[in-house]
Each structure stands twice: as C-alpha cells, then as structure tokens.
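Trainee: I have a model open and would like to work through it by question. Where shall we begin?

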Amino acid sequence: MITVLVLEAKGIKKRFGGIIALSNGNLRCYKGRITGLLGANGSGKSTISKIITGVYSADEGEIIYNGKSVKYRNPSEARKDGISMVFQNLSLVPDLTVWQNIVLGAEQKNGFFLDNNHAKKLSKEILSQLLPDLDINKKINELNPGEMQIVEIAKAISENPQLLILDEPTAALEQVQVKSLFHSMRNLAERGIAMIFTSHRLWEVME
Ligand code: ADP
Ligand code: MG
C-alpha cells in the first residue's frame with residue numbers, strides 16, 4: 001500500500017505557565033489511515049490536536065500539512081484548509097435542530113446558501129451510517145450525550161475534511177454507538193480521509 005503523508009507534527013512543545021503540557025510531540029497522519037493517539041489523562045493528547053487546529057499556538061516545533069508549514073490562528077482557518085476536529089467539549093447549539101447544527105457554518109464555507117431540503121437530505125445521508133434512527137428534526141437539548149456526540153461527529157464529516165481529528169469521541173457513547181462510529185471511520189478511511197483517533201481505552205485504539 002502506498003502511504004501518502006498528509007500531516008506531520010514535529011518537536012511540538014507547549015507550556016501553560018509552569019506546566020509543560022507537551023514536549024517533543026511528534027505525530028504523522030497518512031491518507032486513508034487512522035492514527036491512534038493513546039495516553040493517560042493529562043498526557044497532552046488534546047493539546048497536540050488543539051495546536052494542529054489553531055486553538056493554541058505551539059512554543060516550539062512545526063506542523064507540516066500537505067508539504068507546507070502551517071500555523072492556523074483558529075479552528076475555522078484549519079477547517080477551511082480541510083482539517084476538522086471533533087472536540088471533547090461539545091460545540092453544538094442546544095436550541096437548534098440536529099440538521100440545523102450539522103449544516104451550521106457550511107454556507108460560508110461553500111459560498112452559497114443551502115436550502116432547507118438539501119440541508120436535511122445531507123444530514124440524513126451522513127447520519128444514515130452513524131445513527132440511522134435519529135430524528136433530525138429534534139433539538140439538540142432533547143438528545144442524550146451519546147446522540148449529541150454523534151451529531152458533533154456528523155457535523156465534522158459534513159465539512160468534507162481531508163484530515164479529521166476525533167478527540168475522545170467514544171467517551172460519551174454506548175457500545176453499539178462505538179461500533180457504528182468505527183464502521184463509519186473505516187468508510188471514511190476507504191475514501192482517503194486521514195484521521196487521528198484519540199482514546200485512553202487500549203482496545204478501541206487497537207480496533
Ligand atoms: P489529555 O488530552 O491527554 O488528557 P491535555 O492535553 O488536555 O491532556 O493536557 C495536558 C496537560 O496540560 C495537563 O497537565 C493539563 O492539565 C494541562 N493543560 C491543558 N490545557 C491547559 C490549559 N488551557 N491551561 C493550563 N493547563 C492546561
Ligand atoms: Mg484530552
């Protein structure tokens with residue numbers, strides 16, 4: 001199998017005041033492959049992901065994406081460049097419906113306004129693999145934590161990323177939801193998407 005390097009993080013260091021969150025962080029992501037990011041709580045997994053997507057800036061080191069050195073100022077800049085991240089802390093709007101949340105922001109990215117029917121169809125399509133029974137007209141505040149997490153993942157997938165970063169996506173999920181997430185991730189990998197999968201559960205990373 002030919003491996004195409006999509007992103008490389010080299011020698012990343014980050015401190016918060018006196019705490020060194022990460023030192024000499026190195027990571028590589030390849031087209032169509034899932035990179036497992038494994039470690040105990042507090043080992044710097046979220047920190048390196050947030051440095052890649054511009055939530056934080058690194059004190060040392062370099063991020064190379066598609067052969068170019070990049071330094072995003074915020075996650076929306078990274079998103080425009082094809083790097084989407086599913087955050088550990090959810091970013092959904094509770095009063096809006098499932099489908100409205102999935103397409104939120106997509107209009108700006110594509111430079112046109114999606115009509116509602118198209119947006120609903122797109123949301124249904126993406127969720128058909130992850131959680132087919134979910135009613136897309138429900139509001140986020142009517143969902144359980146696992147469902148919310150899956151909508152968050154669907155939103156990131158709808159952005160058509162080249163690199164998808166999933167930071168502890170399974171923490172709030174039930175076993176059956178974990179299985180459908182993994183199934184969906186394998187499909188994304190087959191489509192050539194590079195992923196970072198973070199967990200502190202070894203069996204999940206191995207699978
Ligand atoms: P992980 O995701 O592996 O659990 P983190 O990257 O969240 O680890 O955190 C790594 C270390 O950096 C921890 O000691 C954490 O307390 C510290 N840390 C992370 N974010 C901040 C922050 N915004 N301010 C201060 N310390 C932080
Ligand atoms: Mg974390």
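Mentor: This is a predicted model. Begin with a charged pair: Glu 8 forms a salt bridge with Arg 28, and their closest N and O atoms are 3.0 Å apart. The pair links distant parts of the chain, 20 residues apart.

Trainee: Which strands hold Glu 8 and Arg 28?
Mentor: The two partners of this salt bridge are Glu 8 and Arg 28. They sit in distant parts of the chain. Glu 8 is in strand S1 (residues 5–16), and Arg 28 is in strand S2 (residues 19–30).

Trainee: Is Glu 8 buried or exposed?
Mentor: The cut-off for buried is under 20% relative accessible area. Glu 8 has 13%, so Glu 8 is buried.

Trainee: And what is the class of Arg 28 by relative accessible area?
Mentor: Exposed needs over 50%, and buried needs under 20%. Arg 28 has 46%, so Arg 28 is partly exposed.

Trainee: How many salt bridges does the structure hold?
Mentor: The Glu 8 and Arg 28 pair is a salt bridge. Glu 159 and Arg 79 also meet in one, at 3.7 Å, N to O. The structure holds seven.

Trainee: How many residues apart in sequence are the parts tied together by Glu 159 and Arg 79?
Mentor: The side chains of Glu 159 and Arg 79 meet in a salt bridge. Glu 159 lies in the loop between helix H6 (145–158) and strand S7 (163–167), and Arg 79 lies in helix H2, so the pair ties together parts whose separation in sequence is 80 residues.

Trainee: Which of these is buried, and which is partly exposed: Glu 159 or Arg 79?
Mentor: Glu 159 has a relative accessible area of 14%, so Glu 159 is buried. Arg 79 is at 31%, so Arg 79 counts as partly exposed.

Trainee: Turn to the ligand. Which helix gives the most to the shell around ligand 1?
Mentor: The residues surrounding ligand 1 include Gly 44, Lys 45, Ser 46 and Thr 47. By type, the shell divides into four nonpolar, six polar and one charged. The top contributor, with three residues, is helix H1 (residues 45–52).

Trainee: With which side chain does the side chain of Tyr 72 make a polar contact?
Mentor: Tyr 72 sits in the loop between strand S5 (68–70) and helix H2 (75–80). Tyr 72 counts as buried, because its relative accessibility is 10%. Beyond four places in sequence, its contacts include Ile 52, Tyr 65, Glu 77 and Ile 83. The polar contact, at 2.5 Å, is with Asp 81.

Trainee: Last, the backbone. What is the phi of Asn 24?
Mentor: Most residues other than glycine have a negative phi. Asn 24 is found in strand S2 and counts as exposed, at 56% relative accessibility. Although Asn 24 is not a glycine, its phi is positive, about 45°.

Trainee: And where does Asn 66 lie?
Mentor: Asn 66 also has a positive phi, near 50°. Asn 66 is partly exposed, with a relative accessible area of 40%. Its place is the loop between strand S4 (60–65) and S5.

How values were computed:
Residues numbered from 1 in each chain as written. Chains lettered and ligands numbered in written order. Predicted model: local features only at pLDDT ≥ 70, side-chain atom pairs only at ≥ 80, totals over all residues. Heavy atoms only, no water. Near = heavy atom within 4 Å. Helix = DSSP H or I, 4+ residues; strand = E, 2+ residues; numbered from the N terminus. Nonpolar A, V, L, I, M, F, W, Y, C, P; charged D, E, K, R; others polar. Buried < 20%, exposed > 50% of the residue type's maximum accessible area, 1.4 Å probe, protein only. Contact = heavy atoms within 4.5 Å. Polar contact = N/O pair within 3.5 Å; in protein donor to acceptor, adjacent residues only side chain to side chain. Salt bridge = Lys/Arg side-chain N within 4 Å of Asp/Glu carboxyl O.
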